[in-house]
Amino acid sequence: NFFIFPKFYELNVDTTSILVDEQNENPFAGVILFNNKSLDYLDESKMTVNSLTPLMLHHFIRLLGFIEDVEGVFDSRIPYDYEKEVYYLPIEGEYNFTNVINYARKYFNCPEIKRIDLFYDQENVDEEGDPCQYAENNLYGLYWPKRFFLGELMTKYDYSEEKILSGFTLAFLDDLDYLRVKKNSTYFGGLMKFGKNKGCDFFFKNCGNDSVSSSTFANEF
């Protein structure tokens with residue numbers, strides 16, 4: 001059983017979500033927050049089933065485990081690299097993400113991948129740059145980095161061209177010790193193509209590197 005509640009709140013983003021309770025070290029209750037400042041000028045084109053379904057799925061998956069440590073509430077399975085100041089998914093350690101890394105190695109055609117760093121963002125800051133708080137916790141978000149996962153459902157939710165639930169997210173959920181993913185024809189994760197088979201140059205190097213072919217970073221869309 002998992003409980004999710006909607007609430008309107010003062011935000012500087014359209015939506016965010018936060019875990020507010022756990023049970024037996026597993027996510028138990030979460031809140032999806034909507035920006036109440038936008039009530040007077042809501043974009044009605046976003047209030048459709050086609051728009052709201054992926055948005056709710058994004059937050060539901062996020063609350064299931066795609067989240068940072070919530071102090072006093074939940075100990076995330078996602079480790080934090082204090083030297084690089086980033087959350088990341090490793091293939092070794094107390095919480096390893098073997099399914100994710102093996103999927104990445106096959107998808108990008110790069111057997112050298114050992115970890116994936118996540119994008120970490122403050123969801124809301126006040127005028128002085130300090131995080132606003134809800135349920136005594138700051139509002140932060142973890143996402144797949146768009147540098148590698150453009151168009152994936154669990155990147156930061158502001159890219160309208162594609163919202164694909166890929167095999168990366170399914171593999172991530174399958175790596176959590178309290179979940180098992182049942183593969184089916186609805187969400188099989190095979191539609192994503194950004195960066196596919198681009199090799200280790202795509203994953204480890206940057207666009208503009210003289211030693212990398214320009215086709216490595218060609219626009220997939």
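Asp81, Arg115 and Asp117 are linked in a network of salt bridges. The model is a predicted one, and five salt bridges are counted in it.

**Salt bridges**

- Side chains of opposite charge can pair when their charged atoms come close.
- Arginine 77 and aspartate 177 form a salt bridge through their side chains, with an N to O distance of 3.1 Å. Arginine 77 belongs to the loop between helix H1 (49-64) and strand S4 (80-81), and aspartate 177 to the loop between helix H4 (167-175) and helix H5 (199-204), so this pair ties together parts that are 100 residues apart in sequence.
- Arginine 77 has a relative accessible area of 7% and counts as buried, because the cut-off for that class is under 20%.
- Lysine 156 and aspartate 121 make another salt bridge, and their closest N and O atoms are 3.1 Å apart. Since lysine 156 sits in the loop between helix H3 (146-149) and H4 while aspartate 121 is in strand S7 (residues 119-122), the pair ties together parts that are 35 residues apart in sequence. Both lysine 156 and aspartate 121 are buried.
- A salt bridge also joins the side chains of lysine 205 and aspartate 201, at 3.5 Å from N to O. Lysine 205 is partly exposed, with a relative accessible area of 29%. Aspartate 201 is partly exposed as well, at 30%.

**Sheet S4-S5-S6**

- Strands of a sheet pair through backbone hydrogen bonds, either parallel or antiparallel.
- This open sheet has three strands in the order S4-S5-S6, with antiparallel pairing. S4 and S6 are the edge strands, each of which pairs on one side only.
- S5 and S6 run antiparallel and are joined by three bridges. Tyrosine 88 stands opposite aspartate 117 of S6, and aspartate 117 is also a member of the salt-bridge network with Asp81 and Arg115.

- Seven bridges pair S1 with strand S3 (residues 26-35) in the parallel sense. Isoleucine 4 has glycine 30 in S3 as its bridge partner.

**Helix H2**

- The buried residues in helix H2 (residues 98-108) include Val100, Ile101, Ala104, Tyr107 and Phe108. These residues cover an arc of only 130° around the axis, so they lie on the same side of H2.
- Among the elements covering the buried residues of H2 are strand S5 (86-90), strand S6 (115-117), H3, H4 and H5.
- Asparagine 109 follows H2 and has a positive phi, near 60°.

**Glutamine 133**

- Glutamine 133 is located in strand S8 (residues 133-134).
- Its relative accessible area is 47%, so glutamine 133 is partly exposed.
- With neighbours within four places in sequence left aside, glutamine 133 is in contact with Tyr9 and Asn138.

How values were computed: Residues numbered from 1 in each chain as written. Predicted model: local features only at pLDDT ≥ 70, side-chain atom pairs only at ≥ 80, totals over all residues. Heavy atoms only, no water. Salt bridge = Lys/Arg side-chain N within 4 Å of Asp/Glu carboxyl O. Helix = DSSP H or I, 4+ residues; strand = E, 2+ residues; numbered from the N terminus. Buried < 20%, exposed > 50% of the residue type's maximum accessible area, 1.4 Å probe, protein only. Contact = heavy atoms within 4.5 Å. Arc of directions from axis to C-beta. Pairing = 2+ DSSP bridges.
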